[in-house]
Amino acid sequence: MRFQLNTIIRTIFLCLLAATCSMWLAVPVCCAQPKAAPEYQLKAAFLYNLLQFIEWPEQAFKDAGSPLVICIYDDKAAGSAFDSYRSEKIRNRQLVFRNYDDMQAGLDCHILFINTQDRKALADISARATGRSILTIGEADGCARLGCIINFFTAENRLRFEINPEAAKRAGLKLSSEILKVARIVAEK
Amino acid sequence: MTLQAPRLLHASFLLPFMIFALLLLPVHNESRANDGDQPVDLSTELKKLDLSQLMDIEVISVSKKLEKLSRAPAAIFVITQEDIRRSGATSLPELLRMVPGLQVARKGPNTWSISTRGLLGAREGADMIDLRVDGAYLPATSVQTVDIVLGNIERIEVIRGPGATVWGTKAVSGVINIITKHAKDTQGGLVTAAAGSGEEGFGGGRYGLKLQEGMYLTAGAKYQQFGAVDSAVHLRDPQYKQGSFRLDWDLSAADRLMFEGSYTNNLGGSFENLLVGSFYLPTMERYTARTDAEALHLMGRWEHTFSPTSDMALKVYYDQGNFTYNYQGEPVDPDDSHNRYRYYDIDFQHKFNLMSRNDIVWGAELRIEDDTMGGFPMISFAPASRTEKYYSGFMQDEITIVENRLSLTVGSKFEYNSFCHFQADPSARLLWTPHHQHTFWLAVSRTARTDLRGDHDLNFTAGTLPKPGQFHILRTMLLQARNYGSIDPEKLTSYEAGYRVQPASAFTLDITAFVNHYDQFLTTGDRVYVERHPRYFVPHYDYVNNMDGKSCGIEAVATWQAAPWWKLQSSYTHLHFNLHPGPHDATNEGLKELNPKNQCTLRSLIDITRDIELDANLYFTDRISGQDLRSYTDLMVRLGWRPVKGVELSLVGANLLREGHTELMMADRKNEIRRSVIGKVTWTF
């Protein structure tokens, strides 16, 4: 086969490109702080961070040693994102992860992460959570207006959250001004 | 098909892919060694950050809404904001190149042909692809004019195949659904400017503000000039202007209002092929006229939520536009060169859940099309003006057979208009998710093209006209064809099967195979009579539903987040197309030869540092034998840099591998798409 000039030029160019790419492969990317992260890993980090700023009423716990229970609606979707938080503590309370079935079975939940877009499920679950000191966290459009206390959304490809303070008040939760400052505040009506 | 094998092995095509393939090997092993879907240390990294730092991190992967789409029993591809920003594309058709199963060919400076699963350069646009912006159907010419400021797009959903019942009345071969951003997401200002090595360049901006609680307004404008194409035709200064606004008013949790509008002015395109749809003639030399088009679009939408499982949307919209063909500055036919249209549309949809297992969507639409079609080269309409009412309705039920495992979607669209009378387009789709990482779907759908104004009233002349300034005694007509009796809708029966797999959270593969049967397509039938003139004669032919055909193909796309800083996406499209036109058909003969049999793309998105991105897009398109066009492999490279917050500089090199190439002929011109470099600045504040 006789190569033409432009084939050769193209080949050289691509080899250069490949070589450049390989160099990046060999040298791990510089920055200490990651630039991007998969959705649920990021949400898990957000959630863990937010918990530092939220206070539950005393009666929400059996005693000073009882754990802080996080229930996840769709734990398959969340995958292993929460794995590295299993051994963490918040205000001396051990974090415990359960799924939604456990909550339905009557077990306690302090945080309910409703990771679904299914509005039917959403309504069901938030109805179940009302009147209890449960921090409901959603990720569906309009969830906060429907009564979720915290709701994740994305803007410009970054994760943001909105807060429904009335719902928090009803649940007896105290939200620090630190997080109210960075959140979008949502009124119910 | 087998003849293609040696071509694929041609070094110029294979080499780039081989190099990329080689690149993939070491990383793949590495990720294996990591054992697990996600690198564990990323979580540890994230744990150390505070809220404000976390808020600066980009979200990888799609939102839930998109995830739901990706589980739909249809061949869907979603272009995200990130895809748009990093594509280096300056216009909508360029952006669509990344979609598997879509054929995109740039024919002229600002003229493209877009088709799905065949019929490139012929029935695209006008009849086959349903282009929608925020749910509003846009007229065919819009493929050229709907060049929304790309930064205002939330996402683009491309559905190949007969759009499931819910998608549009005109969705015969596919739907392109552009969803623009809510005005609250485009607050503040954005200014963008670009200039390139040719004459091309553009500038645009938008500004969004909050009028009151829950009420947001965004307005923007764009100006673009095109270059990078060697055009033999006098298309002087092809340019594009657009102004647009969007107002969102969230009245309450249950009610949302939206108004949007745009005015576009596209000078110097040439898209008669798009407009005449089925009547592509390779010898249209004399008719390559400069097209000037302007369009106005206004829409209002009201969305209401009755309950968490039930909501509705009401849309009302209006489009008007006109376009003229000019030959060297003069209208083609000065007496009647004006083509204009006014479209009114009212559309209602209601979604609800019935007995928990049935998710039902139904809707109704009335569309009034009022147009005057005058000066098309080679084509006239009788009557030239017509007002036609299109009634349509649809009903679809998604039945959950086994929760989260098996569901069946059945539905039908019903249409009525004076061309087709009553028409039903049923479809059935089965979705099986045996495991959350594996999804299989099967679909059978039948659809018809019922918008027959362009066929029913058409008088088609294949012939020659004297060039201006040239003395002609003979005005020879080759043939005339029109509809003498009645014509029926063209029909398509499509069988599709798809498989999606996500073996690791960072890797997805989506494969679709289809077989399409085309029935009753329009072709030129028998000679009706011969018109005799002293110096020439004109044979007149009837236009009949006598063409059938078959196409089949495979579309695959793989996406791999190789590392937090490196995303790869590759797609492959194979298309085999066969159509059997009637013996006297001058327009459809050769259509089957207009489709590239193989297409490949490879995209690599690399974050070199937090602020520097290097993205490469490699495209291979097989030869188009019908126009004697060679296959081409092209590379587009984008280097993006954010020196300070809010400012993004990028440098895009397009068509880097060749000095120039032709993608598809415009009329009978082989316009060269040249190598180009564009620099772009975007400032958000």
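Two strands count as paired if DSSP finds at least two bridges between them. Helices and strands here are DSSP runs, H or I with at least four residues for helices and E with at least two for strands, numbered from the N terminus.

What we have is a predicted model, in which local features need pLDDT of at least 70 and side-chain atom pairs count only at pLDDT 80 or more, while totals for chains, interfaces and linings use all residues. Residues are numbered from 1 along each chain as its sequence is written, chains are lettered from A and ligands numbered from 1 in the order in which they are written, and side-chain values use heavy atoms, with hydrogens and water left out.

I start with strand β8 of chain A, residues 150-155. With strand β9 of chain A, residues 158-163, β8(A) pairs in the antiparallel sense over 6 bridges. The two form a hairpin with 2 residues between them, and A:Glu156 in the turn has a positive phi of about 50 degrees. Within this pairing, A:Phe152 stands opposite A:Phe161 of β9(A). β8(A) also pairs with strand β7 of chain A, residues 135-138, here in the parallel sense and over 2 bridges. There A:Ile137 stands opposite A:Ile150. How many of the 6 residues of β8(A) are buried? The count is 5, so the strand is mostly covered, where buried means under 20% relative accessible area, exposed over 50% and partly exposed in between, with a 1.4 Å probe and protein chains only.

Next, the cores. A nonpolar core is a set of buried Ala, Val, Leu, Ile, Met, Phe, Trp, Tyr and Cys residues joined through side-chain atoms within 4.5 Å. The largest has 49 residues, and those with the most contacts inside it are A:Leu51, A:Trp56, A:Leu135 and A:Phe161. Helix α2 of chain A, residues 39-51, gives the largest share of this core, 9 residues. Taking contact as heavy atoms within 4.5 Å, A:Leu135 touches, among others, A:Leu51, A:Ile54, A:Trp56, A:Ile150 and A:Leu173, leaving aside residues up to four places away in sequence. A second, separate core of 25 residues includes B:Leu92, B:Leu102, B:Val104 and B:Leu131.

Now the disulfides, meaning pairs of cysteine sulfur atoms within 2.5 Å. Over all chains there are 2. One joins A:Cys71 to A:Cys109, with S to S at 1.6 Å. A:Cys71 lies in strand β3 of chain A, residues 68-72, and A:Cys109 in the loop between α4 (100-104) and β6 (111-114) of chain A, so the link ties together parts 38 residues apart in sequence. With -70 degrees about the S-S bond, this link is left-handed. A:Cys71 is buried at a relative accessible area of 0%, and A:Cys109 is buried at 5%.

Another disulfide joins A:Cys143 to A:Cys148, S to S 1.8 Å. Its torsion about the S-S bond is about -50 degrees, so this disulfide is left-handed. Both A:Cys143 and A:Cys148 are buried. Counting bonded cysteines along chain A, the pattern is 1-2, 3-4.

Last, a sheet in chain B. In what order do its 5 strands run? The order is β2-β7-β8-β5-β6, in an open sheet with mixed pairing. β2 (75-80) and β6 (136-137) of chain B stand at the edges with a single partner strand each, so one side of each has no neighbour in the sheet. Strand β5 of chain B, residues 129-133, pairs with β6(B) in the antiparallel sense over 2 bridges, and B:Val133 has B:Ala136 in β6(B) as its bridge partner.
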